[in-house]
Structure formats: structure tokens, C-alpha cells
Amino acid sequence: MKRIALFLLVCVAFSALTSAAQRKIAYEHRDNIFVADTDGTHQKKVAAGALPEISPDGTRVAFNTDEDSKTRPGPERHIAIADLGTGKVRILKEIPSDNCFGPVWSPDGSKLAFSIMAEKEWHLGLVNADGSGFRFVKNAELKSEAMENRFSVTISTIFTRSIWTETF
């Protein structure tokens, strides 16, 4: 009986270590997106961009592209998704705005929520991870300088939190 308990304990510990070793983080450094293991090892540049968000399963990174706009002053920002296995980057051009930012994955990795500028106002957008099914979730006047979208992990609704930033 003690052998079985010890064997199970070793299996659980090994499983936890293996699972932890497979976890990744995504971060931005000098206008580039990187991924690494949670302990900071095995860093790899994914693409040029900003505001990375790693998928719940750790296989993809959603982020913003950022280039000079050809149609208006300021940046042109699109949502992009990098597949970490293949290295392919796909820009979600079907979204009806050239000013989107801050993608956040749904808990199951099937959708992205993000801020979108439409008709000179910020809104909350939602799109399937394959780029299909875009829709506005909330048409609210958002007057903050920065807006952060987060999917609720415990319920299946989306909420928006405005964050004010001040420079001293």
C-alpha cells in the first residue's frame, strides 16, 4: 500500500513539473513580441508588435500590429495571432477598423475581446479566434485614455474596466 501511495505521489509531482515546464509567457520588448518558459528560459521572438496575450492552452499569441496609417494621422493597429508551433502570423483584417488594440482570449481560447475604434468612439469587439464572426459587444462611450478588456474566468460574460493614467 505504501508503494502505491509513493508511486502515485511521484506521478503527481512529475505531472506537475511537466505541466509547469510546458507553460509559456508572452511579453513585449522594444516593439517585438517574445515568448518564454515561465522561468524565463527558452526566449523566442514571435513577431513585431505590442500588447501580447498568450492563449489559455499556450499554443498561440494574440497581439497588435502597429504601423503608420496611410489614411489618417497616428498608428494603424490590427489584431494578429501567431501560432507558436508553426511560427505563422495571421492578421485579422476582416475586423472593420484599422484601430483595434488589447486582444484578450476567452477562457476556452475560442474568441478574442478587444477595444475597437468605430465612428470616432471606442467600443468592445469580439471575434472568433479564426477571424470570423466579428461583432460589437457593447457600444459605450469610453472616455478614458486606456481601456483594458478582460474575460471573466468564472462566468461567461465579458466586462470592461477603464483605467486612467496620469503623468506627473
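User: What makes strand 1 and strand 2 a pair?

Analyst: The model is a predicted one. In it, strand 1 and strand 2 (residues 32-37) are joined by 6 bridges in the antiparallel sense. Two strands count as paired if there are at least two bridges between them, so strand 1 and strand 2 qualify. One of the bridges links E28 to I33, its partner in strand 2.

User: How do you know that strand 2 and strand 3 pair?

Analyst: The same test applies: at least two bridges are needed, and strand 2 and strand 3 have 4, again in the antiparallel sense. N32 is found opposite A48 of strand 3. The two strands form a hairpin with 6 residues between them, and in the turn G40 has a positive phi of about 90°.

User: Why are strand 1 and strand 3 called edge strands?

Analyst: The sheet is open, has 3 strands in the order 1-2-3, and is paired antiparallel. Strand 1 (24-29) and strand 3 (44-48) each have a single partner strand, so one side of each lacks a neighbour in the sheet. From one strand to the next the twist averages 25°.

User: What makes the contact of K24 and D37 a salt bridge?

Analyst: The side chains of K24 and D37 come to 2.6 Å, N to O. The cut-off is 4 Å between a side-chain nitrogen of Lys or Arg and a carboxyl oxygen of Asp or Glu, so the pair meets it. The structure holds 1 salt bridge. K24 belongs to strand 1 and D37 to strand 2, so the pair ties together parts that are 13 residues apart in sequence.

User: Why is the pair of F101 and W122 called edge-to-face?

Analyst: A search of the whole structure gives 4 aromatic pairs. For F101 and W122, the ring centres are 5.1 Å apart and the planes stand at 85°. F101 is in strand 10 (residues 100-105) and W122 in strand 12 (residues 121-128), so the pair ties together parts that are 21 residues apart in sequence. Both residues are buried.

User: What makes F134 and F136 edge-to-face, and why are they called partly exposed?

Analyst: Their centres are 5.1 Å apart, with 80° between the planes. That angle is over 60 degrees, so the edge-to-face label holds. F134 has a relative accessible area of 22% and F136 has 34%.

User: Why is S97 called buried, and what is it in contact with?

Analyst: S97 lies in the loop between strand 9 (89-91) and strand 10. Its relative accessible area is 10%, under the 20% limit, so S97 is buried. Neighbours within four places in sequence aside, S97 is in contact with H78, I116 and M117. A polar atom of its side chain lies 2.7 Å from the backbone oxygen of M117, and the limit for a polar contact is 3.5 Å.

Conventions
Residues are numbered from 1 along each chain as its sequence is written. This is a predicted model: local features need pLDDT of at least 70, side-chain atom pairs count only at pLDDT 80 or more; totals for chains, interfaces and linings use all residues. Side-chain values use heavy atoms; hydrogens and water are left out. Axes are lines fitted to C-alpha atoms, for helices over the stretch in contact, and angles run from 0 to 180 degrees between N-to-C directions. Rings of Phe, Tyr and Trp (its six-membered ring) pair if their centres lie within 6.5 Å; planes under 30 degrees apart count as stacked, over 60 as edge-to-face and the rest as tilted. Buried means under 20% relative accessible area, exposed over 50%, partly exposed in between (1.4 Å probe, protein chains only). A polar contact is a pair of N or O atoms within 3.5 Å; within protein, one must be able to donate a hydrogen and the other to accept it, and residues adjacent in sequence count only if both atoms are side-chain atoms. Contact means heavy atoms within 4.5 Å.
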